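Please open the model in your viewer and keep the selection panel at hand.

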Amino acid sequence: MTVTREEAIELLEAMVKIDSVTPWLIPGGAGEGEVAAFIRDWLADVGLEATLEEVEPGRPNVLAWLRGRAPGPTICLSGHIDTVGYANWADRALHPVIEGDRMIGLGVADDKGACATAMLAVRELVRSGTELAGNILVALVIDEEGISIGTEHLVAHHADEIDYAINLEPDGSGTIFGEHQGFGWIDIIVHGEPAHGSAPDKGVDAIVHMAEVVTRLHRLDETRWKPYPDPKNGRTVFHTGTIRGGTDYATYPNQAVLGIEIGTQPGETLADRVAEIEAIFAEVAEVEPRFRGEVNVRLDRDPFTGAGNEVLLQALGDATEAVNGVRSPVSGLNAWTDAALFQSAGIPTVLFGPEGGNYHAAEEWVSIPDVVATTEILRRAVVALIGAPVTEKS
């Protein structure tokens, strides 16, 4: 028995219709409570021990156990149930539509399609009566589109129960991801001296000084990161995100604050990026003696290096070859995911998911055939890892 296209569509449509915008990202967002309750009930009906574990009021992780009949390792299948906002969607965001082999809707790829593959895979294991020498934990978490408090809570409370993790995220290339970049959110703060616009000898223009910093950051990106991408993880992420400063037209601005997102490759830390920014400060101070700047790190996430995940890579590689007729390549990603949090807790992890596109944008889509195929790949990989040996009856 295998999952059908119709079964995949039915589950995915039901999940996409439930608003689960993370309130961290969009103030007033619906949050994950309703979709979490739906998933818990669905998995309980399948026969799993399904519970909600509250992380913040009204924002629970879903934890569902399929326990084997013999002892063995525990594999966590994890995805996230929150979405970004839908201001650019008009009225289609929560009304999924089918166009050929694609379903279109908010979060249909990122990450409800991936969550559906975990749910359908465990249902197939139950329906087929597969015996396991070990356990499966389906952990579908909140807030990945925010600051990942769902997975932080999961590993803080359950890391000692998990031996391996498959972090499920959408994929546009049929690839198994064994590593990816880290990143930081940084505020660069440049200080000036407020003064009347007619007193340039007294005023220090924080915005002009910030322009010097931004120019040099852009040059660093163009000369170092852009021409020398990591062989697996691609170009090191760098972009400006926010800027604010000044009080009015008639006054020299006393402060300018630039928010940036900046990446780190395996073997690097955010301290390396901070040192590069501080070196830029020193350059600017040589031409602008009254320059004053500082760095405020708002969020620091380590790269995911895939330490100890060889057995997972083997099982997923074999399964993709069996299902798709070709072995999926193993590569890296120039983005960040919760896989790094599993690794930081000492859990060998890989990153995998169904094909999708237009993430975080209107007309987001997921491939329905690949949802079905990914479900079967997960089922086969789990059986390879913890399937109980078949014994001959006497």
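Buried means under 20% relative accessible area, exposed over 50%, and partly exposed in between, with a 1.4 Å probe and protein chains only. The model is predicted, so local features need pLDDT of at least 70 and side-chain atom pairs pLDDT 80 or more, while totals for chains, interfaces and linings use all residues. Residues are numbered from 1 along each chain as its sequence is written, and side-chain values use heavy atoms, leaving out hydrogens and water.

Select residues 310-324 to begin: this is helix α7, whose 15 residues reach 21 Å from first C-alpha to last, close to the 21 Å expected at 1.5 Å a residue (that is, 1.5 Å times one less than the number of residues; helices are DSSP runs of H or I with at least four residues, strands runs of E with at least two). Which residues of α7 are buried? They are L312, L313, A315, L316, G317, A319 and T320, and their cover includes β7 (164-168), β8 (176-180), β13 (330-333), β14 (349-352) and α9 (368-386), where contact means heavy atoms within 4.5 Å.

Then go to L25, in the loop between α1 (5-16) and α2 (33-46); L25 counts as partly exposed because its relative accessibility is 34%.

Finally, show the whole chain, which has nine helices and 16 strands, and of whose 394 residues 52% are buried.
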